Amino acid sequence: MAVLLGNAYLAWFETATADTFAALKGQGTYSETRSQPKIDTSDKTTTGYSTGAYGNTEYEGSLDVRVNLPDPVYTRIETMSQSQTPIKFQIRKGGASGANGDAIFSALVNVSITSRSFNKDGTVDAKISVALAAAPTVDALA
Amino acid sequence: MTIQIGKREFATRRPQNLDVQLVETTGCTAAEHVDILGVRATPYQVARALRPFLDKEAPAVSDLATLIGDADLVQVRTDTVALLQAAAPAEKD
């Protein structure tokens, strides 16, 4: 194995054709946060040490986009965001040639366009947030 | 068939390539619009779904959305869903 490079991973969304995915144009950084609340399982008798466990993972993804239209994927995300309809989402390795088998993360998600910047002397940038609508079906980094 | 939006009435026709047109403007197919409009519908969403059914001379989507916003949204939405259902090919899945 080698050191993984972020540029090799792209976000893909299901298109209007069922089970067919396309990569969003103009992608920048995709970052995800995973927080698992800590559960304290200790009491006075646990011999001087607190013990703990972790609860459900709260997943949130955030994708920076330099908007590049026409792009049916961006337009679809906009529609889904406004209508609060879930959409299938994958992160695939292999860049633009990533296939279904290259998915390192796959889930039904709700999307929200959380910010748009119309920059002076710059591009139009958007941020897309991703929240799970169901538990992911693939979640293993490779 | 016609559709009434406020005081105005528009002739409707069945577009040849409805899904192609809708995917181009909204990223979603007619069947998906039926689902979307069934749950939550803004005047703009209804206007985008309705536009392919209207003649070229009819108002553009943004003007149509304004008209729908001033009219009875629920009624226009119901009529639009009926048009979509009549024209949509078999539903997804």
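Reader: How much of chain A is buried?
Author: Buried residues make up 31% of its 142 residues. Buried means under 20% relative accessible area, exposed over 50%, partly exposed in between, with a 1.4 Å probe and protein chains only.

Reader: What kind of model is this?
Author: This is a predicted model, where local features need pLDDT of at least 70, side-chain atom pairs count only at pLDDT 80 or more, and totals for chains, interfaces and linings use all residues. Residues are numbered from 1 along each chain as its sequence is written, chains are lettered from A and ligands numbered from 1 in the order in which they are written, and side-chain values use heavy atoms, with hydrogens and water left out.

Reader: Back to chain A. What secondary structure does it have?
Author: One helix and ten strands. Helices (H or I, at least four residues) and strands (E, at least two) are DSSP runs, numbered from the N terminus. The order is β-β-β-β-β-β-α-β-β-β-β.

Reader: Is chain A compact or spread out?
Author: More spread out than a compact globule, because its radius of gyration is 18 Å, well over the 14 Å that the globule rule gives for 142 residues. The radius is taken over C-alpha atoms, and the rule is 2.2 Å times the number of residues to the power 0.38. The C-alpha trace spans about 65 × 35 × 30 Å along its principal axes.

Reader: Where is the cis peptide bond in chain A?
Author: From A:L69 to A:P70, with omega near 0 degrees. A:P70 lies in the loop between strand 6 (58-66) and helix 1 (72-83) of chain A.

Reader: Which residues in chain A other than glycine have a positive phi?
Author: A:D19 is one of them, with phi near 65 degrees. A:Q84 is another, with phi near 55 degrees. Most residues other than glycine have a negative phi, and most peptide bonds are trans.

Reader: Where do those two sit?
Author: A:D19 is in the loop between strand 1 (10-14) and strand 2 (21-23) of chain A. A:D19 is exposed, with a relative accessible area of 54%. A:Q84 is in the loop between helix 1 and strand 7 (87-92) of chain A.

Reader: Now chain B. What is its pattern along the sequence?
Author: β-β-α-α-α-α-α. That makes five helices and two strands.

Reader: How does its radius of gyration fit a compact globule?
Author: It agrees: chain B has 12 Å, and a compact globule of 93 residues would be near 12 Å. Of those 93 residues, 44% count as buried.

Reader: How do the two strands of chain B pair?
Author: Strand 1 and strand 2 (residues 8-11) of chain B run antiparallel, joined by four bridges. Two strands pair if DSSP finds at least two bridges between them. B:T2 has B:A11 as its bridge partner in strand 2. The two strands form a hairpin with two residues between them, and B:G6 in the turn has a positive phi of about 60 degrees.

Reader: Which face of strand 1 in chain B is covered?
Author: The one with B:I3 and B:I5. B:T2 and B:Q4 are on the uncovered face. In a regular strand the side chains alternate between the two faces of the sheet.

Reader: And B:H33, buried or exposed?
Author: B:H33 is buried, with a relative accessible area of 2%. B:H33 is found in helix 2 (residues 30-39) of chain B.

Reader: What does B:H33 touch?
Author: Leaving aside neighbours within four places in sequence, B:H33 is in contact (heavy atoms within 4.5 Å) with B:L22, B:T26, B:C28, B:A49 and B:L84.
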